[in-house]
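Here is a short briefing for a reader new to this structure. Look over the sequence and the model first, then work through the topics below.

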Amino acid sequence: MIFYQRAVARAIAQKQTRSMLQQQRPRNSCDAMRCCTTSSLHGITDGNNAASIQSITPFRTNNGKSSSSHFATNLLRSTSPSSSSNYHLNNAIQTTSSIAHFSSAAAAASVDDDDEDPSSKSYTIQRRQGIRNVAIVAHVDHGKTTLVDELLKIASASSSSSSSSENDNTTESNNNKSNDETSSSSKDSEGERLMDSGELEKERGITITSKVTRLDYNSNDNKQYIINVVDTPGHADFAGEVDRILSTVDGIVLVVDAGEGPKSQTKYVLSRALSLGLVPIVVLNKADRMESLGRLESGTTELELMDLFENLGATAEQMEYRTLFGSARGGWVTEDGDLAVEIAKKKKSGMEDASCMRGLLDAILEDIPAPSVHWYGDTVAGDGDDGDVVAKNVDDFVNEPFSMTANTVGYDPYLGRTCTGRIYSGQISTGDAITLLRRKDEDDTGGGDSSSAGNNTTGPRSEVSGMFANRGVSRAPLDPPTAYAGDIVMLTGVPESMAVGDTLTSTNNMVPSAVDTPPLAPPTLSCFFGANNGPLSGQEGKFVASSQVRARLVSETDNNVTLTVDKCESDAEKTVVFGRGELQIGILVEQMRREGYEMIITPPQILTTTCPTTGNKLEPYEEVVVDVDAEYSGTVVNALTGNRKGVLVEMMDDSQGKTRMRFEIPSRGLLGFGPEIATATRGTAVMHHCYLEDREHAGTISTGSDAGKLVSNAQGKATLHALDTLSARGTLYVAPGEMVYPGMVIGENSKPGDLEVNPVRAKALNNMRTQNKEEKVYLSPPKRMNVEELIGFMNEDEVIEVTPLNVRLRKVELDAGVRERAARARKKQLESLKNNAKGGGKK
């Protein structure tokens, strides 16, 4: 009830704040979005100094039409209007005092208001008509893939229907042929998913690499539009991918499961999108399910969304997002929340009143602004008298200098070096000469005459050999082969040395300077990669040399810009890899393993920094959100707030017996936490985390990776007889018949400390027959751990051995005698340090 009171007061404050802003300043072009107001507030009693709010219904207007959105019903509260409402109103006024503009408008304002150095910006911000660039953001299993596939079908149907209407005089046979082709292409697109189409993405259910598809959509007024739909990763480990792909769009579509509400995996991408000033549209998916009925009737999901937007620092304009209710699987969407509730209650009854997915495409055209482009030409007097940008047609970019930034680069065996990105100015055609402009480093001061193209760090020149766009799941050449500012296309024939963040410009008409790209997020951990030097090396992989492993890691940095690769100073055979987290390193290792590489990986080391003011050591902290059954909430709290040095920030229970907890914890404390908590909660815990900030070093942390191991002392194939005996001592990682060798970890010991065991011991072959010898042995399946789990589970004296067929954990030193002598030496050294400390204390 307190949560509802706060949301209700916030809604009232937002209404009053918007009315104040409308009186103080004129509305800009972005304010043409839906406005949200409250109504039906009654029952205020002065005697008891309390307010009873019986219903709150925000409605949105568009071109004089209004449509209701089911927000909340029968919410009762008792609070002081003078305290609660005024408190949220004051906070809202303080927030709106520093309102950030949306991407296009903000860029235009920054150019127009830069009176200190007019020559620093030689272009103005304009808009390109007939195109929209939008990103899709969603949590795991919230229906993003199904939604995009449905949009692809609707766009294809609209294009085919318009083309058939324009050619009414064609013969019936040609019409039948085209219909057959359309139906066959739609069947092909149904069989293959557009988003999360990679092998690893299908297995893990997450987005790893960003993808873009082009929709040719004909609106209801028979106008042709191009809609570029961009898929974004949701995990903070892929921060570099998220930042650079969000710089190419002007709005986002946030897909949320109506029955679950917003989850933590969307928080990072949404926060980055809001900070960039992108226009949001919210789609409450799976609204036709019975589990969504209660949350739709009470408005819980919408209240959680409003709270999430406010916590992430959304501006007043961004808080006026449009909310759509629908079902991607059912193929319908509506703005009427009451209709969505009716459909959830009666299933098919009422669906005829809901529109198909065209409603979402129309909302994108109405709410998401046209892409901003760089205009280097003269501005026509009288255009944009109110500070608004001017819409340009494709014919206006003929004489403009061409510029394009690289979001992804690749190599095709037939087409050569490829580059995919957004065009910021001018136009490009096949056969045009282009020049490479290097990305500006963060250390560059940017001084000098920016109007001279010769001051740029120019690279090699080449000629565009091809131009492609992704249509559905296939790559198709552009016809005609010309692209304009605002388009997202792939070019072939680009210079071989091109990297992510570099700018391409026309050789004959160069832009004054390279296009600014988002800064890269710093890495948080490092690992050492080396060639496999174990007893079984070279038996399964095709690439086993350390030079081959290093070359593959260096090539990965072409696209994975947040990954840094360097040579190891202490060991020339190893390579240091700096990354954002366990997931990023694990995905890289899994990709290399499937390509035929053999390697070893050392335990991760968290990167620390030094505070410039205090000189104290700093380490990265992360925000962790755990959803678990209420009966296991105490287990999660004890695991994170104990030796891992986490702090419980927020804890909430819901009506379904689930508990959501939010922690702030050092990144070191999360190493190995995933497998541990999955076992402790019987697999009911769902954890997501993202980078928070650098804080003071937390000291010694125990992560649970100090568990004892079962270490093999013999080489050969593991036998069922030996493993049956060892299964009582702990959890096994190998199955009968698998190859083992001395120093290989074959299981987890149930007691502290490592235990040397013989997993290849066979049953004695003699003529003595007993009842125990003849009984059948039943062995539990071994526990299989992936690379991310092993990274957090391994100790300092262990490495992960990765081959195309196996992932093993072994000791760095395979000889048991050497390990024992080293352990005794460490023990003596610790005892001497303790004695010295005691002696110094007595003195």
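A salt bridge here is a side-chain nitrogen of Lys or Arg within 4 Å of a carboxyl oxygen of Asp or Glu. Lys709, Asp754, Asp797, Glu798 and Lys811 are joined by such bridges into a network. The model is predicted. By the rule above, it holds 33 salt bridges.

**A salt bridge between distant parts of the chain**

- Asp412 and Arg475 form a salt bridge through their side chains, with 3.4 Å from N to O.
- This pair links distant parts of the chain, as the two residues are 63 residues apart.
- Asp412 belongs to strand β16 (residues 408–412), and Arg475 to strand β22 (residues 474–477).
- Are the two partners buried or partly exposed? Asp412 has 14% relative accessibility and counts as buried. Arg475 has 40% and counts as partly exposed.

**Salt bridges within helices**

- In helix α13 (residues 546–556), Glu556 and Arg552 sit four residues apart, about one turn of the helix.
- Their side chains meet in a salt bridge of 2.9 Å, N to O.
- Glu556 has a relative accessible area of 16%, so this residue falls under the 20% limit for buried.
- Arg552 is buried too, with a relative accessible area of 10%.
- Helix α20 (residues 816–842) holds another pair, Arg824 and Glu820, four residues apart, about one turn of the helix.
- The closest N and O atoms of the Arg824 and Glu820 salt bridge are 3.3 Å apart.
- Arg824 counts as partly exposed because its relative accessibility is 44%, between the 20% and 50% limits.

**The seven-stranded sheet**

- Seven strands make an open sheet with mixed pairing. Their order is β7-β8-β6-β9-β10-β11-β12.
- Which strands form the edges? They are β7 (211–218) and β12, and each pairs on one side only.
- From one strand to the next, the twist averages 30°.
- Strands β6 (residues 131–138) and β8 (residues 224–231) run parallel and are joined by six bridges.
- Ile131 has Ile226 of β8 as its bridge partner.

**Helices across the strands**

- Helix α10 (residues 300–311) lies across β9 (251–257), β10 (279–285) and β11 (322–327). Helix α10 runs at about 155° to β10.
- Helix α12 (residues 358–367) lies across β6, β7, β8, β9, β10, β11 and β12. Its angle to β7 is about 95°.

- Thr334 counts as buried, at 10% relative accessibility.
- A polar atom of the Thr334 side chain lies 3.1 Å from the backbone nitrogen of Asp336.

- Strand β25 (residues 503–506) is covered on both faces.
- Thr503 and Thr505 are buried on one side, and Leu504 and Ser506 are buried on the other.
- Strand β15 (residues 403–405) pairs with β25 in the antiparallel sense, over three bridges. Met404 stands opposite Leu504.
- Strand β19 (residues 433–437) also runs antiparallel to β25, joined by four bridges. There, Ile434 has Ser506 as its bridge partner.

Note on methods. Residues are numbered from 1 along each chain as its sequence is written. This is a predicted model: local features need pLDDT of at least 70, side-chain atom pairs count only at pLDDT 80 or more; totals for chains, interfaces and linings use all residues. Side-chain values use heavy atoms; hydrogens and water are left out. Buried means under 20% relative accessible area, exposed over 50%, partly exposed in between (1.4 Å probe, protein chains only). A polar contact is a pair of N or O atoms within 3.5 Å; within protein, one must be able to donate a hydrogen and the other to accept it, and residues adjacent in sequence count only if both atoms are side-chain atoms. Two strands pair if DSSP finds at least two bridges between them. Axes are lines fitted to C-alpha atoms, for helices over the stretch in contact, and angles run from 0 to 180 degrees between N-to-C directions. Contact means heavy atoms within 4.5 Å.
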